[in-house]
Amino acid sequence: MLSVISYPLFFVTAVLALVLSISLFPVGWFEFRPEWLGLVVFYWTFRAPAQFGILMAWCLGLLLDVLEATPLGTNALGMALIAFLVLTIHQRLRMYPIPQQCLMVFLLLGINQMLVHFIKQLLGADTAGFSYLWPALTSAVAWPFVSGLLDRLNRKLG
């Protein structure tokens, strides 16, 4: 856990993640875009579980629902689930080396993607297959870079 939390850094990372979540990607790469908000929720819940928890993750997910024009509560439920699962395992997660943390990022963000996909299927979406899991995989690949960068910035600014 970090001893000092930089709240401006949290605000900037949350806004940047929301912007990256709705930013334009080339058509062929769109399904491979990392789940940026999920990574930010994972990071801040993992590093500062006392300050950033389920309610904050739910609020950020609700903002993502508004930005993406998805049914309200879809991403909010997914982000709250990520925060809850990280809070339940954050003591063990701190002792994991980076490759195991990447695996946990893949698993937790994969659960989020499955939940959001299931809700969209219930509401009438017509996508099939497992291509919705690509963002979880690319997020797991991006985790060491995101974690290292945010740790460094938080130490400098906090």
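Predicted model: local features only at pLDDT ≥ 70, side-chain atom pairs only at ≥ 80, totals over all residues.
Start with α2 and α4. They pack at an angle of about 40 degrees, and their axes lie 9 Å apart. α2 and α4 are therefore oblique to each other. Their crossing is right-handed. On the α2 side, the contact uses Leu37, Gly38, Val41, Phe42, Thr45 and Phe46. These meet Met79, Ile82, Ala83, Val86, Leu87, His90 and Leu93 of α4. By type, the contact holds ten nonpolar residues, three polar and no charged.

Beyond its neighbours within four places in sequence, valine 41 touches Met79, Ile82 and Ala83, along with Ala57 and Leu60.

Now turn to α1 and α2. Here the angle is about 155 degrees, with the axes 8 Å apart. The cut-off for roughly antiparallel is over 145 degrees, so α1 and α2 are roughly antiparallel to each other. From α2 come Trp36, Leu37, Val40 and Trp44. They meet a set of α1 residues that includes Leu9, Phe10, Leu18 and Ser21. This contact has ten nonpolar residues, two polar and no charged.

Which residues have the most contacts inside the largest nonpolar core? They are Leu37, Val41, Phe42, Trp44 and Trp143, in a core of 36 residues. Helices α1 (7-22), α2 (36-47), α3 (54-68), α4 (74-93), α5 (98-122) and α6 (134-157) each supply at least two core residues. The largest share, eight residues, comes from α2.

Methods:
Residues numbered from 1 in each chain as written. Heavy atoms only, no water. Core = buried A, V, L, I, M, F, W, Y, C linked by side-chain atoms within 4.5 Å. Buried < 20%, exposed > 50% of the residue type's maximum accessible area, 1.4 Å probe, protein only. Helix = DSSP H or I, 4+ residues; strand = E, 2+ residues; numbered from the N terminus. Contact = heavy atoms within 4.5 Å. Axes fitted to C-alpha atoms, helices over the stretch in contact; angles between N-to-C directions. Parallel < 35°, antiparallel > 145°, perpendicular 65-115°, else oblique. Nonpolar A, V, L, I, M, F, W, Y, C, P; charged D, E, K, R; others polar. Left-handed = near helix turned anticlockwise from the far one by under 90°.
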